[in-house]
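Let's take a walk through this model together, one piece at a time. Keep the structure open beside you as you read.

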Amino acid sequence: MVGSNRDKALAGTVWTVEELIEAAERVIAADPVLFSHPESETNKELNIRLIRDYVVREFIPRPERVGREGRFGLDHLVYLLAVRMLLRSQKWSLPAIKASFATTSPEELLGGLLAPIRDRIEAEYWSASGVARTQDATASQRVRTPDLNPAQLLIEQFKTNGRGASSSKSPSKAFSSQLADFAKAVSCPTPKPTAGVSRKLHLELEPWCEVVIDAQRIDSLTREEVERLGEALKSRLKDESAR
Amino acid sequence: MMNGFELSMVSARPALLAGDANTVNVLIRVQAPDAPKTGLPERPRLNLALVIDRSGSMAGRPLQEAKRAASFIIESLKATDRASVVAYDNEIKTVAASQPVTDKAHLRALIAQIESRGCTNLHGGWLKGAEETANHLSSGSTSRVLLLSDGQANEGLTDIDEIATQCSKLADKGVSTSTYGLGESFNEQLMVAMARSGRGRGYYSESAESLMERFQEEFALLSALCARNVRLHLTPMPGVRAEILNDFEAAPDGSWRMPDLAYDGEAWAAVRLRVSGAGLLAAGEAFNLLKASIAYRELDEAESHLPETMLTLPVKTAQEYLDVPEDESVLLRISEAEAARIQEKASRAARRGDWDQVEQALEETRPMAAHSPWLAEVVASLESLAAQRNQVMYAKEAVYASRNLSSQIRSKHETPSILADVSAPMFLQRKARQGRSSQSREPGKPKEQ
């Protein structure tokens with residue numbers, strides 16, 4: 001299976017198949033709920049045979065060959081975790097996953113479905129490769145900053161973030177950026193074990209205008225929904241002001 | 001797993017009304033063990049960064065008190081702890097790089113040399129403190145940045161959402177943030193957001209004189225911590241919708257982040273359940289409503305869980321239902337959580353001078369105070385500030401009161417009367433006036449001029 005987005009590999013290979021499994025298991029163990037089947041207590045273990053099966057089914061790209069050994073990288077880990085999450089907690093069918101992956105790049109998965117655990121996934125990769133991503137670099141442009149712990153790596157990113165940041169931000173701009181933040185989150189709904197438990201978030205758009213939304217629902221808003229919300233808000237305001 | 005942690009769920013009225021939709025208020029408590037009678041066990045090692053605002057507005061008494069408070073922290077640390085000191089204005093200066101606290105006199109002398117100047121690069125100062133702390137992360141130690149400011153962030157990164165997001169991400173990696181706002185000019189929305197997202201405490205002092213007490217409170221809390229990263233998982237049963245009333249952050253796995261727990265304390269959540277389906281419930285049955293479980297991290301970083309608890313209520317006829325008394329302790333916390341939400345909004349209204357909305361918020365809050373003497377005192381303080389049309393102080397008092405009402409850990413042995421708090425550790429005491437020392441608790445008394 002080859003799709004235009006899918007071809008955008010994230011970075012070089014760093015793991016043997018056993019190491020890839022270990023890395024995936026560590027990520028899963030840190031957030032088991034994200035990978036658990038709502039109607040099944042048991043979680044099928046990862047093993048070499050399963051990885052081969054995923055490669056054959058083209059869920060995971062073929063590993064790079066180094067001599068007789070297959071080598072795996074960040075994009076392999078991303079697709080592996082995405083398959084597990086979609087199969088287990090989201091109950092997607094195999095054909096649906098295959099169709100979705102054909103047009104979804106690893107970066108899109110990291111920014112969407114896997115966003116809640118992106119840091120952990122990338123930390124696994126950094127830890128294996130000894131490289132860290134600078135804020136502005138694309139995934140394939142990584143620089144060497146060995147021996148930094150995850151907090152130090154994060155601070156390096158913040159330093160780049162903070163430089164030259166503007167302090168002037170109008171309320172309406174803040175709202176656009178909040179909406180953009182909502183939109184960036186997901187293309188698939190993330191599993192919510194506490195579905196049905198809500199908390200109200202009050203977004204002050206202007207001193208005289210406030211939107212009340214379900215704080216957890218934000219996490220699963222799609223870009224289309226955000227756009228629909230924006231349109232609905234515009235049209236409602238126009239109607240009200242025309243009265 | 002450390003013994004003595006308990007999870008309990010209790011509803012305001014432990015019954016459901018047959019044949020009707022029901023609204024059920026629930027209090028969830030996560031209680032820490034009692035402090036050992038022989039004294040607290042040795043606290044975990046601390047890895048702190050003291051980040052002090054030295055901008056021009058801090059000149060004089062505020063900077064003196066800030067330095068005194070920082071010296072107090074240094075004096076209270078042990079040789080096995082680490083500390084760094086960062087001073088910031090428009091420039092960031094590492095006064096003392098992170099080091100074991102073996103030469104307290106030297107550290108105190110470095111603090112004494114801090115002088116006021118320049119603008120306020122708050123984010124830069126915080127980040128430098130975080131860096132000093134992150135450079136020495138180790139399992140089994142508590143790493144925290146203590147950020148003090150009396151002004152608005154006006155240099156470097158100033159966006160509240162972005163700074164709070166950074167605090168949250170860094171807390172995920174083991175460096176938490178507590179904030180100390182001083183005086184009238186600091187940005188309470190920023191400081192509260194940083195503490196909330198940074199999983200530390202947010203304090204404010206109206207005057208430099210009460211600053212020391214805030215640092216003492218934090219230090220007492222850090223010394224008595226027994227569980228970190230406390231997460232509450234809630235699963236409503238079919239036909240039930242749940243709304244959490246506290247101002248808790250949602251974790252990526254859908255759980256709710258509760259405050260860290262200290263000995264003798266309890267973290268709590270107020271949850272409102274709506275049970276739909278008129279006619280669904282028949283008298284005599286029992287109905288499962290809500291499943292709750294707790295995960296937390298012990299001080300040695302071991303992950304622990306408390307057994308899952310289910311809230312099950314009996315279904316009763318109308319007469320039987322009315323005969324079941326309501327639990328005052330649940331009503332008290334529900335009132336406090338709801339009042340917190342209203343006053344959080346009132347804080348923003350006061351900031352823009354919308355006194356009609358402030359008065360309306362007070363009007364809504366007053367009846368809730370009937371259940372809570374603490375809330376009654378908080379309302380009295382806020383009424384006094386509203387009567388003075390004191391925009392700045394109302395905004396601060398309301399936002400900190402809101403935060404404390406909603407998410408401060410409480411004494412396991414709490415009684416409605418706040419006078420009984422005097423014997424409790426400082427971090428478990430409920431304050432009538434958030435920005436003043438615990439001694440000045442007379443409600444309604446205007447600030448001394």
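Two strands count as paired if DSSP finds at least two bridges between them. With that in mind, look at B:L182, which stands opposite B:S205 in β9(B). This pair belongs to the place where strand β8 (residues 175-182) of chain B and β9(B) run parallel, joined by five bridges. Before going further, please remember that what you are looking at is a predicted model.

Now widen the view to the sheet around that pair. Six strands of chain B form an open sheet in the order β6-β5-β4-β7-β8-β9, and the pairing is mixed. At its edges are β6 (92-100) and β9 (199-205) of chain B, each of which pairs on one side only. Neighbouring strands here are turned by 10 degrees against each other on average, direction ignored. Helix α3 (residues 122-134) of chain B packs on this sheet. The helix touches β4 (45-53), β5 (82-88), β6, β7 (141-149) and β8 of chain B, and its direction makes about 160 degrees with that of β7(B).

With strand β10 (residues 225-236) of chain B, β16(B) pairs in the antiparallel sense over seven bridges. With strand β17 (residues 303-316) of chain B, β16(B) also pairs in the antiparallel sense, over ten bridges. Which residues does B:A292 of β16(B) face? B:L234 stands opposite B:A292, and in β17(B) the bridge partner of B:A292 is B:T309. The hairpin of β16(B) and β17(B) has five residues between the strands, and there B:E301 takes a positive phi near 80 degrees.

Next come the helices towards the end of the numbering we will visit in chain B. Two packed helices are described by the angle between their axes and the distance between the axes. Start with helix α9 (residues 355-365) and helix α10 (residues 373-387) of chain B, whose axes come within 11 Å and cross at roughly 160 degrees. Angles over 145 degrees count as roughly antiparallel, and α9(B) and α10(B) are therefore roughly antiparallel to each other. Their crossing is left-handed. From α9(B), the contact is made by B:W355, B:V358, B:E359, B:L362 and B:T365, and from α10(B) by B:V379, B:L382, B:E383 and B:A386. These residues divide into six nonpolar, one polar and two charged.

α10(B) also meets α11(B): their axes come within 9 Å and cross at roughly 165 degrees. α10(B) and α11(B) are therefore roughly antiparallel to each other, and the crossing is left-handed. Among the contact residues are B:L375, B:V378 and B:L382 of α10(B), and B:M393, B:Y394 and B:L405 of α11(B). By class, this contact has ten nonpolar residues, one polar and one charged.

What of the other partner of α11(B)? Helix α8 (residues 328-351) and helix α11 (residues 391-407) of chain B have axes that come within 8 Å and cross at roughly 155 degrees. That makes α8(B) roughly antiparallel to α11(B), and this crossing is left-handed. The contact includes B:A337, B:A340 and B:Q343 of α8(B), together with B:Y394, B:A398 and B:A401 of α11(B). The contact of α8(B) with α11(B) has eleven nonpolar, five polar and three charged residues.

Finally, turn to chain A. Three of its strands form an open, antiparallel sheet in the order β1-β3-β2. β1 (13-15) and β2 (64-66) of chain A stand at the edges with a single partner strand each, so one side of each is left without a neighbour in the sheet. The twist averages 60 degrees from one strand to the next. β2(A) and strand β3 (residues 69-73) of chain A pair in the antiparallel sense over three bridges, and A:E64 stands opposite A:R71 in β3(A).

How far can you trust the details here? Chain A averages a pLDDT of 68, and 63% of the residues score at least 70. Among the elements of chain A, helix α1 (residues 17-30) has the highest mean pLDDT (89) and helix α8 (residues 171-185) the lowest (36). Over residues 1-5 of chain A the pLDDT is below 50, as it is over residues 131-146 of chain A. Where pLDDT is low, the predicted coordinates should not be read in detail.

Technical notes: Residues are numbered from 1 along each chain as its sequence is written. Chains are lettered from A and ligands numbered from 1 in the order in which they are written. This is a predicted model: local features need pLDDT of at least 70, side-chain atom pairs count only at pLDDT 80 or more; totals for chains, interfaces and linings use all residues. Axes are lines fitted to C-alpha atoms, for helices over the stretch in contact, and angles run from 0 to 180 degrees between N-to-C directions. Helices (H or I, at least four residues) and strands (E, at least two) are DSSP runs, numbered from the N terminus. Angles under 35 degrees count as roughly parallel, over 145 as roughly antiparallel, 65 to 115 as roughly perpendicular and the rest as oblique. A crossing is left-handed if the near helix is turned anticlockwise from the far one by less than a right angle, and right-handed if clockwise. Two residues are in contact if their C-beta atoms, placed from the backbone, lie within 7 Å. Ala, Val, Leu, Ile, Met, Phe, Trp, Tyr, Cys and Pro count as nonpolar, Asp, Glu, Lys and Arg as charged, and the others, Gly among them, as polar. pLDDT is the predictor's confidence in each residue, from 0 to 100.
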